[in-house]
Amino acid sequence: MDFNFISVILILIVAFLAGMEGVLDQFQFHQPIVACSLIGLATGHVSEGVVLGGALQLLAMGWANVGAAIAPDAALASVASAIIFIKSGDFSDNGRNIAIAAAITLATVGLVLTMIVRTLSVVIVHQADAAAERGSYRGVEMWHYVALACQGLRIAIPAGLLLFIPSSTVQAALGSLPEWFTSGMTIGGGFVVAVGYAMVINLMATREVWPFFFLGFALAPLNELTLIATGIIGLCLAIIYLNLSKNKGGGNGGSGDPLGDILNDY
């Protein structure tokens, strides 16, 4: 589908904010669940954007900068894959999995744009230093805004290029993909979400968390359990956990972590 003028402007604004949030981390516009949902809202496909964003979020949760290693660009992956997904008009599982596969590729390509912008930022920092030596507070502030705008344009420009590609071209390109490729993307898309979730578990897994993890698996098959009921169960478990922490760790030689103390006994 082709986007109208208002949708294009809104998507570019979301893309610009996502690019800036990639370094600010304040309002989380660069997170897939936020960026894809906002693009879905701007184009009238909220549910499709939320579903795509949720699938990408499980993958992106395992992405993190470690030392000098830069994580894949979640902002570009989110914005570009959402545009491709909605432009294709194929909102089936197959279309979503192709968009997820495209997101992984675009996230890697986004690293090149990140390096270009960060290299350019070196020049901007020197300009800000020169303004500081002159005592120009306004100059320092201006160069800060310029650096931030470069981060926004890093996502907005590729998004704009994708927006001006006719929908028929996108649909024809996706429609020309062989069946073995689309079937592989469908299978791989399921693995991608599982791998992303496994990466998250690997980062946060502790002895104290595992009981809650398995409890969630035990409750997941219960179809009658609504989201509100699940939230109430989680709240009750949190209250019980906090009360046990107070009773166990309050001067009785405990560590303050009731589950940890229990597990240490085994």
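## H2 against H3

H2 and H3 are roughly antiparallel (angle over 145 degrees). Helix H2 spans residues 32-43 and helix H3 residues 46-60; they pack at about 165°, with axes 7 Å apart. Axes are lines fitted to C-alpha atoms over the stretch in contact, and angles run from 0 to 180 degrees between N-to-C directions. Helices are DSSP runs (H or I, at least four residues), numbered from the N terminus. The H2 and H3 crossing is right-handed, the near helix being turned clockwise from the far one by less than a right angle.

H2 contributes Pro 32, Ile 33, Cys 36, Ser 37, Gly 40 and Leu 41 to the contact (heavy atoms within 4.5 Å). The H3 side includes Val 50, Gly 53 and Leu 56. The contact holds 9 nonpolar, 6 polar and no charged residues; Gly counts as polar here.

## Model basis

The model is predicted; local features need pLDDT of at least 70, side-chain atom pairs need 80 or more, and totals for chains, interfaces and linings use all residues. Numbering starts from 1 along each chain as its sequence is written, and side-chain values use heavy atoms, without hydrogens and water.

## H4 against H5

H4 and helix H5 (residues 93-133) pack at about 140°, with axes 8 Å apart. Their crossing is right-handed. Among the H4 residues in contact are Leu 76, Ile 84 and Phe 85. H5 residues there include Arg 96, Leu 106 and Leu 113. The contact divides into 11 nonpolar, 3 polar and 1 charged.

## Ser 78

Ser 78 lies in helix H4 (residues 74-88). Leaving out residues up to four places away in sequence, Ser 78 touches His 30, Gln 31, Pro 32, Ala 35, Cys 36 and Leu 56.

Note on methods
Helices (H or I, at least four residues) and strands (E, at least two) are DSSP runs, numbered from the N terminus. Angles under 35 degrees count as roughly parallel, over 145 as roughly antiparallel, 65 to 115 as roughly perpendicular and the rest as oblique.
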